[in-house]
Amino acid sequence: MKPEQTATTHATEGDPLGPDDLVAADAVADDHLAARRASAAGRTGTALCLSGGGYRAALFHLGALRRLNELGVLSQLTTVTGVSGGSIVANLLADPRLTFPGDGGVVEGFEDFVAEPLARLTSRNIRTPALLARAKPWKWLTRDAAIRALADELADVVTGWSRPLRDSSRSGPAVVTCATEIGYGVDWVFEDPTAHRPHGRVGDYRLGYAAPPADLRLAEVVAASCAFPPFFAPMVLDGVAIHLTGGKKGLESEEERAAIMRRIRLTDGGVYDNLGLEPVWKRHATVLVSDGGGVFRARTERTVVGRTLRILGIATNGGQSVRSRWLQAGFTRGALRGTSWALDTVVDGCYPRATTELINAVRTDLDAFSREEQHVLERHGYLIADAQVRAHCPELVTRDAPAVPPHDDVADPAVASAALVDSSKRRLLGRS
């Protein structure tokens with residue numbers, strides 16, 4: 001059976017989706033118009049978008065990246081975007097010790113500098129210590145104490161994440177990390193020096209852009225993208241101090257704009273665009289999307305917290321659905337190339353539907369994952385990415401490497417399902 005082309009999202013580089021984009025998402029039959037638009041856009045390069053979804057998404061993405069590397073696709077990427085859990089993996093790809101060949105070969109150092117650090121990080125509960133940091137008396141007046149503590153946890157585990165964003169020049173694809181700026185409700189980007197030379201760039205199209213502050217660490221960049229509400233308060237930056245310039249003013253007063261500028265609040269990137277498409281959708285000729293976010297299911301809620309999270313999920317899912325329609329229409333019309341894969345994608349040779357449903361229910365958290373949970377998610381991502389890339393964009397494959405899925409210990413669906421039987425539950429103080 002041929003794998004399904006999974007619908008995925010798309011937003012804009014700069015302005016959000018407008019009426020023309022929504023009309024285009026439905027008008028999939030106008031091939032001539034699609035060709036003209038694609039030509040006018042001048043698209044080049046290949047982008048990989050890594051969605052949010054906590055450790056679950058990060059481990060799913062790891063499996064996909066492992067297979068993309070074997071097929072020679074990883075070394076061809078122009079840009080990698082990351083949101084929340086996806087930002088963890090995206091920034092591991094920014095390790096200067098990785099060697100990216102220029103001929104579609106295999107990236108050297110993947111096991112040591114991507115897979116091993118992620119396994120170490122996802123076996124550790126960094127959520128609870130970060131949240132408890134706010135309880136310390138000397139942190140009571142620091143509103144973003146928890147997310148700053150989360151950054152310290154990340155820097156403690158991942159070698160190199162204590163270095164400033166502006167000092168992370170290296171070979172390989174540009175890395176763009178996405179957060180959500182609350183004042184204007186738009187996509188905020190942290191672009192490394194490979195994405196925006198010479199020092200990188202931070203900001204959004206409403207507040208403007210600036211070079212990253214000298215003390216902004218990679219750990220803070222990832223933490224800001226992972227600041228999932230309501231558990232983590234937003235990270236706060238002073239736009240005046242970092243010298244943001246430009247930006248598109250709306251109907252707000254000068255006083256209100258100045259107040260937003262002085263206290264920029266950044267929350268989880270998935271609140272605005274959980275697939276990280278906005279930084280790449282206008283310019284890239286090929287877009288690959290790895291979606292480790294949960295599939296939206298019908299259900300009831302019995303608590304105030306549950307209801308609040310449900311409403312937030314509805315709001316987020318609505319925007320994501322529009323982007324999914326746009327992206328799928330773009331693929332259908334030939335306006336851009338690429339494919340997408342998601343947790344609930346089912347193809348021959350992968351886990352069956354019953355096991356896939358358990359995978360989709362795995363908690364989106366920064367709490368410790370067991371070795372078996374890690375292995376199931378990575379194997380699942382590996383197999384699905386292989387099937388989708390081979391079916392929908394075989395032109396990207398430069399190495400016809402046979403698929404050798406990792407972690408035979410969870411190859412049996414019954415074993416994998418048993419490993420995930422308790423994986424949907426969040427524990428207040430964490431699992432370790």
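Histidine 407 sits in the loop between H13 and helix H14 (413-419). Helices (H or I, at least four residues) and strands (E, at least two) are DSSP runs, numbered from the N terminus. The model is predicted, so local features need pLDDT of at least 70 and side-chain atom pairs pLDDT 80 or more, while totals for chains, interfaces and linings use all residues. Residues count from 1 along each chain as its sequence is written, and side-chain values use heavy atoms, without hydrogens or water.

Look at the backbone of histidine 407. Its phi is positive, about 65°, although the residue is not a glycine. Most residues other than glycine have a negative phi, and most peptide bonds are trans. Histidine 407 counts as partly exposed because its relative accessibility is 23%. The cut-offs are under 20% relative accessible area for buried, over 50% for exposed, and partly exposed in between (1.4 Å probe, protein chains only).

Find serine 84 in the loop between strand E2 (79-83) and H4. Its relative accessibility is 7%, so serine 84 counts as buried.

Now turn to the peptide bonds. The bond from arginine 197 to proline 198 is cis, with omega near 5°. Proline 198 belongs to the loop between strand E4 (186-191) and strand E5 (201-204). A cis bond also leads from proline 229 to proline 230, where omega is near 0°. Proline 230 falls in the loop between helix H8 (218-225) and E7.

## Salt bridges

How many salt bridges does the whole structure hold? A search finds 26. Each one is a side-chain nitrogen of Lys or Arg within 4 Å of a carboxyl oxygen of Asp or Glu. In one of them, the side chains of arginine 66 and glutamate 378 meet at 2.6 Å, N to O. Arginine 66 is part of helix H3 (residues 54-70) and glutamate 378 of helix H13 (residues 371-392), so this pair ties together parts 312 residues apart in sequence. Arginine 66 and glutamate 378 are buried.

A second salt bridge joins the side chains of arginine 97 and aspartate 95, at 2.8 Å from N to O. Arginine 97 is partly exposed, with a relative accessible area of 42%. Aspartate 95, at 9% relative accessibility, counts as buried.

Another bridge links the side chains of aspartate 365 and arginine 127, at 2.7 Å from N to O. Aspartate 365 is in the loop between helix H12 (353-360) and H13, and arginine 127 is in helix H6 (residues 127-132), so the pair ties together parts 238 residues apart in sequence. Aspartate 365 is buried, with a relative accessible area of 7%. Arginine 127 counts as buried at 9% relative accessibility. Elsewhere, salt bridges with shared partners join Arg67, Glu70, Asp386, Arg390 and Asp400 into one network.

Which residues of helix H9 (residues 254-262) are buried? They are Arg257, Ile260 and Met261. Seen down the axis of H9, these buried residues fall within an arc of 100°, so they line one face of the helix. The arc is that of the directions from the helix axis to the C-beta atoms.

What do the buried residues of H9 pack against? Their partners are strand E3 (174-181), strand E7 (235-237) and strand E8 (264-268). On the other side of H9, Glu255 and Arg262 are exposed.

## A pair of packed helices

Two packed helices are described by the angle between their axes and the distance between the axes. Helix H4 (residues 85-92) and helix H5 (residues 110-122) pack at an angle of about 140°, and their axes are 9 Å apart. Axes are lines fitted to C-alpha atoms over the stretch in contact, and angles run from 0 to 180 degrees between N-to-C directions.

Which residues make the contact? H4 supplies Ile88, Val89 and Leu92, while H5 supplies Phe113, Val114, Pro117, Leu118 and Leu121. Contact means heavy atoms within 4.5 Å.

## A buried histidine

Histidine 284 is in the loop between helix H10 (270-273) and strand E9 (286-291). Histidine 284 counts as buried because its relative accessibility is 8%. Its side chain reaches the backbone oxygen of valine 280 at 3.2 Å.

Definitions and conventions:
A polar contact is a pair of N or O atoms within 3.5 Å; within protein, one must be able to donate a hydrogen and the other to accept it, and residues adjacent in sequence count only if both atoms are side-chain atoms.
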